[in-house]
Amino acid sequence: MNDRAGIWTGTWVAERLGVGLVGDDDLTGLLGLALRRNPKRAHLLVSHVLGKHVPQSPSVIYGHGLALGRRVRELLGAEEAAAAVVLGYAETATGLGHSVADGLGPLAYLHSTRRPVAGVAPAGGFEESHSHATSHLLLPEDPGLLAGDGPLVLVDDEFSTGNTVLNTVRALHERYPRRRYVVVALVDMRSPADAGRLEEFARAIGARVDLVAAASGTVRLPDGVLEKGRELVARYESGGAGGSDRSHPADPRTRPARPPVTRVDLRWPRGLPDGARHGFTPAHRARLEAALPGMAARLAEALPADARRVLVLGCEELMYAPLRLARELEQIVPAEVRSSTTTRSPVLAVDDPGYAIRSRLVFPAHDDPADGPGERYAYNVAGAGFDAVVAVVDSPADTPALHAPDGLLARLAEHVPHVLLAVVPSYVPGARSERPVMLPEPLRGPAFSSYAPDEVGWLLQDLSDVTLEAPTEEREEAIQQGGAHYAESLPVEYQPSEQYQELFHAALDASAARLAQAVGAVTEVVLRERSPRPVLVSLARAGTPVGILMRRWARFRHGLDLPHYAVSIVRGRGIDANALRWLAAHHDPADVVFVDGWTGKGAISRELAAAIAGFEASDGVTGFDPEIAVLADPGSCVRTYGTRDDFLIPSACLNSTVSGLISRTVLRADLVGPHDFHGAKFYRELAGADLSPAFLDAVAARFPEVTDAVDLQAKELLAADRTPTWAGWAAVERISEEYGIHDVNLVKPGVGETTRVMLRRVPWKVLARAGAGADLDHVRLLAEQRGVPVEEVEGLPYTCVGLIHPRYTRGATGADGRAVTV
């Protein structure tokens, strides 16, 4: 696809950077080139036929997806095709995946989503490490949708390194193993180095993996392209080289009054899903096909009679419904109809016919995203000669922010004379649940844990008699190759050397007052903002000592005797729903405050929010607030914290011997049934090395001396704007790319998370903020013992960051991947 002037839309980048596309003859017809800020890749491949960044004929967009679906059907054969399930990727490939499913035949389609939905419990999730918003949730209405043994067809717009597909298959194969996968993409752009990874992975998990693409090739990159690309982006973003960022309105003194937006009632069929966020069945497709002509007719009637060029603009994940409406509209109006979608991805705009992104509109997110506010973009709309634009959004996105003076509709109206709005009701499935009749009472010390029985009740089951430990190297290999989930086994408990124990005691002495102040501050904020008599629920196990200390502060300062429990939450699998049921049966959910030690990149915050939404939908129990209270929030992921400094919390230095002799929690199907609490072990045999009570007593002993400081700090916190910025998540994404890891799960930010890497995983290297002092003494000692390099980094947003070996093979530690003998 070339620009109207007949120039390939990759020419501008190719001429300035020497980048070229090598491969099939029609490759440049499918792709153009653009630039964006990226530490690993200067260029961006821009599809002409996806319907995302480049407005295109809806028949062309839909036709490419249908053609790919038909090719998959031929590959699988009729019998296997009939048993297949199609999975598309949010946000870019939701519409493409749906079109592929239509071409494949009458079968079920599901796409991942970045929007937690109150109504459906997550059936899984995975990470897309290169994306601007990486966490994908799978929220099927039918929990059995992914559980069949037929082929799984995974659809993405571009297959470049294979990282996203490997992450997906790894996550899904763990829970829903099957014999065959088919990867579908518009373009296969793998480098020779990446070409064999998919096959190697398939052999490792014992499944067949096929690849179907409309075109294939590679990107030719000359030496120095990354530096040249950065310079170009910096120059054009500064506005000094003719960039075309049309994000700001004209001077209000000269701008004509904005015409009102025309709202069009589509009369969307009641109960018909707006997309495949929760699954889309053949019956749904039949209803949509029957309703499309009438909905398109209503749009046509609302368009101005003289419109000659019309854009139907979807909204992020909502791609398929706008595409089908546009395709139907294309058949009944004399105007030239195009379709595209808004996006989260920031791309440099240059108004040149040889560049793929000619203009961009910038506006605030308007669907209350789970990861917080941020900018959104519409590309190639301004200056494209459209007489009318039909914005199609789902009901959660029809908010005041959409209609605000700087919102999407206003931005469109600055460049297009007629703006129409069509709102599709967002589909939320009905609740389903199976409630256990009875749940056991919490476990308490001394029978389970070395804590006093009134300090904490463990909503766990005792697995002390089960052998769950595995060598660290074996666990790492199994986790990274998709053979096991980290919560299905336990690492061998680290036994500290005498030198390390001395460091722990020195760290505790040095930080006890600082810890006491943070404990007091976060407890005061909870009492003032959350509940005067909160029920503290710690996330086991790191949150448990913090919860006990908060309970002690409430008793010390206010004479309160607060209930305190510990529950299990597992990344990728959510919180223990049976523990929530027990809590709801014994306390008001509105009084529950979840407690953890610290935040890293905020993965657990996101996990808890999604899990609570799913639980409310499945059980009909409302009132649980997913906001976590933490001692330290260096990742800026929560509102309730004692400090946002990244400092050493000594309880992070050890494992069970500072956590009541309790192991990390375990979730394994053969041990934990549908009506059981998650499991954990009580290491009674380590009683001689237990420092749990000593840690608590050392911190609580400093309460009297920090009272005034706590009052001041709590007052400042209560008056401050504590809105999370998610700066930690952004930093982790950047580090993942800069160091060639391409998986945010292998980047562990902060002192606490880095310590966990050193104690439980296979570390690759440690990044330390230049000048970091005693907070890192224990990390440096562990690094020395394990042969792991510590690299000082200027301006690191955390005190330190632990990197897990990204290409792990057994025995790999240290930067060179060779085995190190300790």
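Q: Is Phe 556 buried, partly exposed or exposed?
A: Burial is read from relative accessible area, found with a 1.4 Å probe on protein chains only: buried is under 20%, exposed over 50%, and partly exposed in between. Phe 556 has a relative accessible area of 38%, so this residue is partly exposed. Phe 703, with 2%, is buried. This is a predicted model, in which local features need pLDDT of at least 70 and side-chain atom pairs count only at pLDDT 80 or more, while totals for chains, interfaces and linings use all residues. Residues are numbered from 1 along each chain as its sequence is written, and side-chain values use heavy atoms, with hydrogens and water left out.

Q: How many aromatic pairs does the structure hold, and how is a pair described?
A: The distance of the centres and the angle of the planes describe a pair of aromatic rings. Rings of Phe, Tyr and Trp (its six-membered ring) pair if their centres lie within 6.5 Å; planes under 30 degrees apart are stacked, over 60 edge-to-face, and the rest tilted. The structure holds 13 such pairs. In one of them, Trp 553 and Phe 703 have ring centres 5.0 Å apart and planes at 85°, so the pair is edge-to-face. Trp 553 belongs to helix 14 and Phe 703 to helix 18 (residues 703–719), so this pair ties together parts 150 residues apart in sequence. Helices (H or I, at least four residues) and strands (E, at least two) are DSSP runs, numbered from the N terminus. Both Trp 553 and Phe 703 are buried. The rings of Phe 556 and Phe 703 have centres 5.7 Å apart and planes at 40°, so that pair is tilted.

Q: Which elements make a β-α-β unit with helix 14?
A: A crossover is right-handed if, with the strands pointing away from the viewer, the path from the first strand over the helix to the second runs clockwise. Strand 22, helix 14 (residues 543–558) and strand 23 make a right-handed unit of this kind.

Q: Which strands pair with strand 23?
A: Two strands pair if DSSP finds at least two bridges between them. Strand 22 (residues 535–539) pairs with strand 23 in the parallel sense over four bridges, and Ser 538 stands opposite Ala 566. Strand 18 (residues 457–458) also runs parallel to strand 23, joined by two bridges; Gly 457 has Tyr 565 as its bridge partner. From strand 23 (residues 564–567), His 564 and Ala 566 point one way, Tyr 565 and Val 567 the other way, and all are buried.
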